[in-house]
Amino acid sequence: MDSQNPQSFTPVEGVVNPSRVPFRTVYTGAKIPAVGLGTFGSDRFSGETIAEAVKDAIAVGYRHIDCAAVYGNEHLIGQALRQVFDSGLKREDLWITSKLWNDKHDEADVIPACRQSLKNLQMDYLDLYLIHWPFPNYHAPGVDVSSRDPHAQPYIHENYMKTWRQLEKLVEMGLARHIGTSNVTIPKLRRLLDDARIKPACSEMELHPHFQQPELFQYVIDNGIVPIGYSPIGSPNRPERDRTDADTSPTEDPVIVEIARRHNVHPAVVCIKWAVQRGQVPIPFSTRRRNYLSNLQAAVTDPLTDDEMAAIARIDRNCRLIKGQVFLWKDGQTWEELWDVSGEITPP
Ligand SMILES: NC(=O)c1ccc[n+]([C@@H]2O[C@H](COP(=O)([O-])OP(=O)(O)OC[C@H]3O[C@@H](n4cnc5c(N)ncnc54)[C@H](OP(=O)(O)O)[C@@H]3O)[C@@H](O)[C@H]2O)c1
């Protein structure tokens, strides 16, 4: 693990000194803090509450915030960040990610969409801009999983590359320092790596002890791409529409619960420790100081032992929680087809 300070696992109380938080180095040499704060409120928290949490999370030591246009709160997070900068923090002290939503994949829409996020966030560049989903299929916030865009399309690599070319322009224009993918598979990444002029710096994907995605994880590492892990705690408060009876919960897994008991922490904290030590960048969400502080402290205190890491490696259930059903493009499909489980990009 990269670290600015080899002593970074010494216990701390209260606030975490950001210089003690480990980081990952992306291929440009830039450093992404090894824990970020998620900002998707799962329809449960107001934008104001989330923006307040962002401001306080920075006060307790976070330097990495995961945003997205579709979360509908970038304008409020921008106001919070303005206050943070007014109180002395510099823009370059933070790593800010945003994402292009699915209704903005058309070539003409990409640069304006990024500019809108920048305007809302009150900054002149992003550290990372991701294509949120590889499907240009629109669905309104909050719709049921059975909802379908009547114009829904499959993944079409040529179209994705047209969108990607616009992201490359954003780098050339200085509006995004890095660009990356989200919710893609190995077959899609393989095509992108063949065709990209500017390669993805990071790839965001669901990663937690019950969904470890070992092949994709290894593939991105082998290709010099930093994996960012969303829903690192297993998204226990995700909306009802994203739940099925087959879903499992990593924080209730007896192995995680026992390790948490041993370390005297919440099972969520074990998930974050595992993520950081494994080498992905978890972006847990919380608006409660006690929780977001524990998640950052997880990266600088009391590491898991090799045996504990090995025990967690064995509890993978291949249980994807965020299945993406709303992006399916024709009747009779199952959500697995979105994820290229055959090893090839699912044909139209
Ligand atoms: N790229 C994508 O497509 C994508 C998809 C999904 C998510 N994301 C990003 O990933 C972020 C995180 O994912 P997520 O929100 O789905 O799930 P998550 O981070 O796995 O779970 C969040 C929930 O865990 C609870 N929690 C957090 N820390 C805790 C702690 N220390 N102890 C006990 N409970 C704790 C929180 O409860 P309390 O609210 O009670 O604190 C919160 O509701 C999102 O906010 C978003 O930024 C990206």
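Helices (H or I, at least four residues) and strands (E, at least two) are DSSP runs, numbered from the N terminus. The model is a predicted one, in which local features need pLDDT of at least 70 and side-chain atom pairs count only at pLDDT 80 or more, while totals for chains, interfaces and linings use all residues. Residues are numbered from 1 along each chain as its sequence is written.

Gln-122 lies in the loop that runs between helix H3 (107–121) and strand S6 (128–131). With 16 other C-beta atoms within 10 Å, Gln-122 is partly exposed, a class that falls between buried (20 or more such atoms) and exposed (12 or fewer), with C-beta atoms placed from the backbone. Beyond its neighbours within four places in sequence, Gln-122 is in contact with Gly-78, Leu-81 and Arg-82, where contact requires C-beta atoms, placed from the backbone, within 7 Å. Gln-122 and Arg-82 are 40 residues apart in sequence, yet 6.9 Å apart in space, C-alpha to C-alpha.

A further subject is the nonpolar core, a set of buried Ala, Val, Leu, Ile, Met, Phe, Trp, Tyr and Cys residues joined through C-beta atoms within 7 Å. The largest such core has 88 residues, of which Val-54, Tyr-129, Ile-272, Leu-296 and Ala-299 touch the most other members. Helix H8 (residues 267–278) supplies the largest share of this core, eight residues. Not counting residues up to four places away in sequence, Ile-272 touches Val-35, Pro-232, Pro-282, Pro-284, Asn-295, Ala-298 and Ala-299.

How values were computed
Contact = placed C-beta atoms within 7 Å.
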